[in-house]
Amino acid sequence: MHDLLQIGGITDAMRDRLTPHFNIHKLSDGDYPGAAITHVATNGHDGVPADVMAACPNIKMVSGYGVGYDAVDTDAAVKRGIVVTHTPNVLNSEVATTTVMLMLTSYRNFLSEEAHARSGNWETNGNAPLSRSADNRRVGILGLGRIGQAIADKLAPFNPEIHYHTRTKKDVDYIYHETLLGMAKAVEVLICITPGGPSTNKIVNADVMAALGPDGLLINVSRGSVVDEAAMVSALQTGALGYAALDVFEAEPKIPDALKSMPNVILLPHVGSATHETRAAMGDLVVDNLLEHIKTGKVLTPVPETAHLNT
């Protein structure tokens, strides 16, 4: 039997598959045999704290639940020969659906119109104000990876003009921008789906939001750290930025009170992939990676930084 440190929660189905192969120790219990731990199961939010990594000198593999892994120090993992995995692809479609939902909800004033009907205001005060069409919009995607492409695909029925900004130009028919600021000036909607971490910290700053403009819509389904949250609040308050639709925040689960009171802001509690079907697929892949590692010494979906260790 191998010793697994569980950080955060796992489902009953995951535990049922893991228990025949692992002694499972919960970090939340506060007492775990650090020297015995060879594997870690965690999530994108909790990652592996530095003190936990240091207390477990024999970790061989970290299996992450989620596509984001910025809460795991991959530099430290590489130095110690620890393979880190995540759960890409299985959540692409669901996050794309959430993104499209946020765009439609914002443009069509869904929350206020639903409230207008539910409250009885339609009967007493007449029709709700007109909304805006989501068709034929200029949409900029920050980070045209697997999920970014899935978003572009799901937006196709709305006939968007797709722009994108990435570090390198891709072999696609969309409009490429060498700078994020240049893209923000050219589009009406800016969708953030780039990884978190130091290289993207607050990359969507006040200048980018000002370039997007008073009619612009900022959608963030990546990481809260990607957007300068204080600058976004200010831009929304002053009208420098028109609208925001957000699934992620800088200090989750805390959401700035100012955002909660704005009628031009849509808020979700980080549920981009939160369906029974997709979360089950993510959990399966977490377990598949762990079982593959103890069976063959390899994993199925290593993060790029540790892919060279998967030999």
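This is a predicted model: local features need pLDDT of at least 70, side-chain atom pairs count only at pLDDT 80 or more; totals for chains, interfaces and linings use all residues.
Start with helices H4 (residues 92–107) and H7 (residues 146–155). Their axes lie 8 Å apart and meet at an angle of about 50°. That angle makes H4 oblique to H7. The crossing of H4 past H7 is right-handed. On the H4 side, the contact includes Val95, Ala96, Val100 and Met103. On the H7 side, Ile147, Ala150, Ile151 and Leu155 are among the partners. The contact residues of H4 with H7 comprise eight nonpolar, four polar and two charged.

Now turn to charge pairs. Side chains of opposite charge can pair when their charged atoms come close. The structure holds nine salt bridges.

Two of the pairs lie within helices. In H1 (residues 12–18), Asp12 and Arg15 are three residues apart, so about one helical turn separates them. Their closest N and O atoms are 3.8 Å apart. Asp12 is exposed, because its relative accessibility is 57%. Arg15, at 23%, is partly exposed. In H5 (residues 110–119), Glu114 and Arg118 are four residues apart, again about one helical turn. Here the closest N and O atoms are 2.5 Å apart. Glu114 is partly exposed at 30%, whereas Arg118 is exposed at 67%.

Lys202 and Glu250 also form a salt bridge, with their closest N and O atoms 3.2 Å apart. This pair links distant parts of the chain, 48 residues apart. Lys202 sits in the loop between strand S9 and helix H9, and Glu250 in the loop between strand S11 and helix H11. Lys202 is partly exposed at 29%, and Glu250 is partly exposed at 40%.

Finally, a network of salt bridges links Arg17, Asp284 and Asp288.

Definitions and conventions: Residues are numbered from 1 along each chain as its sequence is written. Side-chain values use heavy atoms; hydrogens and water are left out. Axes are lines fitted to C-alpha atoms, for helices over the stretch in contact, and angles run from 0 to 180 degrees between N-to-C directions. Angles under 35 degrees count as roughly parallel, over 145 as roughly antiparallel, 65 to 115 as roughly perpendicular and the rest as oblique. A crossing is left-handed if the near helix is turned anticlockwise from the far one by less than a right angle, and right-handed if clockwise. Contact means heavy atoms within 4.5 Å. Ala, Val, Leu, Ile, Met, Phe, Trp, Tyr, Cys and Pro count as nonpolar, Asp, Glu, Lys and Arg as charged, and the others, Gly among them, as polar. A salt bridge is a side-chain nitrogen of Lys or Arg within 4 Å of a carboxyl oxygen of Asp or Glu. Buried means under 20% relative accessible area, exposed over 50%, partly exposed in between (1.4 Å probe, protein chains only).
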